[in-house]
Amino acid sequence: MKRFSSLWISLLLFVLPILVGLSLNQLTGSLLAQHLLHKKRSEIEAAMNDRQLALERSMGDQMAHFAFDCGERDMILLRDPKHYSRYIRLQGVKLASGKGCSSLGPDLPLFDADNLPDPGLDTTGLTATEQDFNTEQELVIFSKHQGHLAYWVLSNSWSHTILEKPCLDCFYLELIPLVPGLSRQELFPRGDKRIKEEADSLSLSFTPISSQLQQTLWAGRALQKYAQNKARRDTFWIGGALGLLLLVGYWLHRNYRRSLKGLIYRGLARQEFVPFYQAVVDSRTRAVVGFEALLRWERENAFTPPGAFIAYAEEQGLILPMTEQLLEKIIADLPHLAPQQWVSVNLVAAHLEHPHLRSQLQRHDWPSPTRLTFELTEREPILDIQAAISEITLLQEKGYHFKLDDFGTGYGGFAYLQRLGIRQFKIDKMFIDTIGTDDPKRNLLEAIIAFGLKSSMEMIAEGVETQEQVDYLAHRGVYLIQGYLFARPMPLRDLLPWLQAQTAAPHSAG
Ligand code: C2E
Ligand code: CA
Ligand code: CA
């Protein structure tokens with residue numbers, strides 16, 4: 001069922017961007033149309049600037065060298081390929097005598113040369129070819145020199161090429177001359193004029209720098225339609241790619257959440273780490289003297305013991321926030337327990353190599369130093385022994401006690417007891433299990449107990465499961481017992497009725 005819903009979520013995530021994109025198609029289409037219109041205007045401006053440069057180069061060069069006699073030099077200059085580009089179609093010279101020549105050879109009656117306005121010295125004028133046979137007029141740039149006239153007929157084809165992209169009949173361009181001699185009514189239309197007449201057409205007016213023409217660019221239904229189709233196509237691509245990204249993100253996130261690290265982070269956020277309490281009993285009186293707080297992960301109505309995650313949590317540095325969460329709950333539970341009973345909390349070296357634990361206790365104004373105790377395992381080495389010593393010393397000065405856990409199984413052993421000033425240790429289950437057997441480790445147990453008694457250490461036997469073990473230990477002076485014989489670890493809600501039953505009939509423990 002869960003798997004099924006993940007598949008539905010994946011499908012939804014994949015199609016969602018496409019659906020959103022399609023529902024916004026009208027809007028994205030018209031935004032794209034606006035964008036294409038502005039882009040076209042930039043293209044036209046760039047081409048016109050380009051044309052202006054090409055013109056200035058040719059005109060400067062030619063005007064300086066024309067002999068104005070339509071002789072060999074003039075013809076070579078008129079026909080030199082370097083003066084032709086996609087902007088200049090034809091050029092020619094009209095002499096003061098009335099004669100003329102052109103790059104095609106003979107003089108051409110393309111425009112009314114007699115009634116041109118005088119552009120003044122060193123400047124150029126603008127006119128247009130006659131409108132013959134209902135064809136497009138072409139712009140003509142001219143320059144005068146001592147009664148002679150040189151002219152350059154500009155080609156229209158580049159503007160058509162530009163206007164035909166990205167779709168045919170999408171743009172219409174009007175050029176309105178801003179110079180004397182040419183009427184403002186002469187519009188020099190380029191493209192399909194019907195676009196201008198369309199009710200909802202878009203337009204943009206601009207005058208390129210160094211141009212004598214105001215330009216108005218129109219775009220109508222054809223561009224809108226093209227833009228909407230393109231936006232729809234892009235929606236499928238971009239939306240599909242986005243959907244794929246969402247999908248990958250979703251599965252990565254899902255896998256991360258299902259990974260142990262992700263689960264632990266979520267468990268921390270949901271306060272899923274809770275203490276179980278296991279009683280420590282004095283075998284002489286059967287009184288419960290204290291408890292060891294053992295971490296449990298409460299999730300989906302089950303309590304996971306630490307073996308499944310604690311090593312990983314230590315490795316990933318997550319043990320610090322985990323213990324912090326545990327300690328908060330223990331501090332809140334303490335008032336429910338008898339004032340003479342202590343609770344000991346398991347620490348790892350990292351707790352003493354960082355000021356994390358100390359800061360937490362300080363935040364609580366050093367709670368119950370005589371009742372809250374700490375167990376430090378010797379299974380893991382302490383790397384920064386100096387930091388551990390100063391941290392433990394500080395906490396001991398505040399009144400807290402430390403026990404060395406799993407004594408005899410690991411690294412520090414006697415050295416830790418001495419250097420860290422610890423006066424209590426726990427005898428590991430590994431040794432307790434040898435009682436009543438001929439396991440050679442039993443000699444070690446004897447030695448450990450002898451050492452504890454000689455140096456007046458307080459000893460707690462761990463993992464005690466039989467009365468025989470209790471008797472053996474009592475016979476050798478070890479009375480503090482933790483083990484399933486008396487009690488298993490349990491949550492506070494079970495511990496309180498259990499304790500009440502103990503008080504009522506203390507000899508029935510276990
Ligand atoms: P430990 O500190 O040596 O804790 C004693 C373990 O022995 C506990 O297992 C306890 O339930 C179990 N035990 C007690 N009496 C008996 C018995 O009679 N028979 C048997 N078979 N087992 C008994 P638990 O709770 O699974 O914890 C395992 C280890 O996880 C602990 O060993 C300790 O090293 C670690 N641990 C537990 N809680 C914490 C914690 O809050 N912080 C850290 N850093 N480690 C923890
Ligand atoms: Ca312990
Ligand atoms: Ca232990």
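Reader: Which word describes Glu397, buried or exposed?
Author: In this predicted model, the relative accessible area of Glu397 is 66%. The terms used are buried for under 20%, exposed for over 50% and partly exposed in between, with a 1.4 Å probe and protein chains only. Because its area is 66%, Glu397 is exposed.

Reader: In which helix does Glu397 lie?
Author: Residues are numbered from 1 along each chain as its sequence is written, while chains are lettered from A and ligands numbered from 1 in the order in which they are written. In this predicted model local features need pLDDT of at least 70 and side-chain atom pairs count only at pLDDT 80 or more, whereas totals for chains, interfaces and linings use all residues, and side-chain values use heavy atoms, with hydrogens and water left out. Helices (H or I, at least four residues) and strands (E, at least two) are DSSP runs numbered from the N terminus. Glu397 belongs to the helix of residues 385-397, which is α12.

Reader: Where is His83 found, and why does it count as buried?
Author: The loop between α3 (72-79) and β1 (88-94) holds His83. Contact means heavy atoms within 4.5 Å, and, with neighbours within four places in sequence set aside, the residues in contact with His83 include Ser58, Asp61 and Gln62. His83 counts as buried because its relative accessibility is 3%.

Reader: How far does a polar side-chain atom of Asp406 lie from an oxygen atom of ligand 1?
Author: A polar contact with the ligand is a pair of N or O atoms within 3.5 Å. A polar side-chain atom of Gln278 lies 3.0 Å from a nitrogen atom of ligand 1, and a backbone N or O atom of Leu295 also lies 3.0 Å from a nitrogen atom of ligand 1. For the polar side-chain atom of Asp406 and an oxygen atom of ligand 1, the distance is 3.4 Å.

Reader: Which element gives the most to the shell around ligand 1?
Author: Ligand 1 is surrounded by 21 residues, where near means that a heavy atom lies within 4 Å. The elements giving two or more residues to this shell are β12 (287-299), α9 (319-333) and β16 (401-407). With 4 residues, the element that gives the most is β12.

Definitions and conventions. A polar contact is a pair of N or O atoms within 3.5 Å; within protein, one must be able to donate a hydrogen and the other to accept it, and residues adjacent in sequence count only if both atoms are side-chain atoms.
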